[in-house]
Amino acid sequence: MELTRDTLVIAKPRLMGADLGEEIILLHLDKGIYFGLGNVAARIWELLKRPVRVGDIEQSLLEEYDVEPEKCREELIKLITRLLEEDLAEVQSE
């Protein structure tokens with residue numbers, strides 16, 4: 001699936017997380033696997049706790065961090081794609 005700015009995504013509900021300051025550790029309850037998310041990825045994870053458009057996440061990151069728009073978009077798409085592949089997030093329909 002190709003992610004666009006209008007793609008609506010949300011974190012999967014059957015996950016447990018622990019905030020370790022600069023990092024969030026996630027436990028996928030069904031798979032029994034841990035995942036670590038660093039500083040910016042942890043912020044993205046916070047935004048994914050409710051249905052949110054990829055473009056809205058990008059806008060939040062551009063406002064909060066000193067990052068070039070193209071680099072932000074590229075890294076954001078990579079992370080969300082990985083979260084989808086690892087069954088940590090899902091795309092929602094309208």
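Residues are numbered from 1 along each chain as its sequence is written, and side-chain values use heavy atoms, with hydrogens and water left out. Because the model is predicted, local features need pLDDT of at least 70 and side-chain atom pairs count only at pLDDT 80 or more, while totals for chains, interfaces and linings use all residues.

**Salt bridges**

Side chains of opposite charge can pair when their charged atoms come close. A salt bridge is here a side-chain nitrogen of Lys or Arg within 4 Å of a carboxyl oxygen of Asp or Glu. A search of the whole structure finds 10 salt bridges.

| Pair | N to O distance |
|---|---|
| Lys 12 and Asp 87 | 2.6 Å |
| Lys 78 and Glu 75 | 3.3 Å |
| Arg 82 and Glu 86 | 3.2 Å |

Helices (H or I, at least four residues) and strands (E, at least two) are DSSP runs, numbered from the N terminus. Accessibility is sorted into buried (under 20% relative accessible area), exposed (over 50%) and partly exposed (in between), with a 1.4 Å probe and protein chains only.

Lys 12 forms a salt bridge with Asp 87. The pair links distant parts of the chain, 75 residues apart: Lys 12 is in the loop between β1 (8-11) and β2 (15-19), and Asp 87 is in the loop between α3 (69-85) and β6 (89-92). Lys 12 is partly exposed at 24% relative accessibility, and Asp 87 is partly exposed at 25%.

Lys 78 and Glu 75 lie three residues apart in helix α3, so about one helical turn separates them. Lys 78 counts as partly exposed at 48%, and Glu 75 counts as partly exposed at 33%.

In the pair of Arg 82 and Glu 86, Arg 82 has 45% relative accessibility and is partly exposed. Glu 86, at 23%, is also partly exposed. Elsewhere, salt bridges that share partners join Lys 71, Glu 74, Glu 75 and Lys 78 into one network.

**Strand β1**

In a regular strand the side chains alternate between the two faces of the sheet. Both faces of β1 are covered, with Leu 8 and Ile 10 buried on one side and Val 9 and Ala 11 buried on the other.

Two strands pair if DSSP finds at least two bridges between them. β1 pairs with strand β5 (residues 52-53) in the antiparallel sense over two bridges, and Arg 53 in β5 is the bridge partner of Leu 8. The pairing of β1 with β6 is antiparallel over four bridges, with Ile 10 opposite Glu 90.

**Glu 90**

Glu 90 is in strand β6 and is partly exposed at 28% relative accessibility. Leaving aside neighbours within four places in sequence, Glu 90 is in contact (heavy atoms within 4.5 Å) with Leu 8, Val 9, Ile 10, Lys 12 and Leu 84.

**The largest pocket**

On a 1 Å grid over the protein atoms alone, a pocket is an open set of points where a 1.4 Å probe fits, with protein on both sides within 12 Å along at least five of seven lines; lining residues have an atom within 4 Å of a point. The largest share of the lining of the largest pocket, five residues, comes from α3. Lining residues include Val 40, Tyr 65, Glu 75 and Lys 78.
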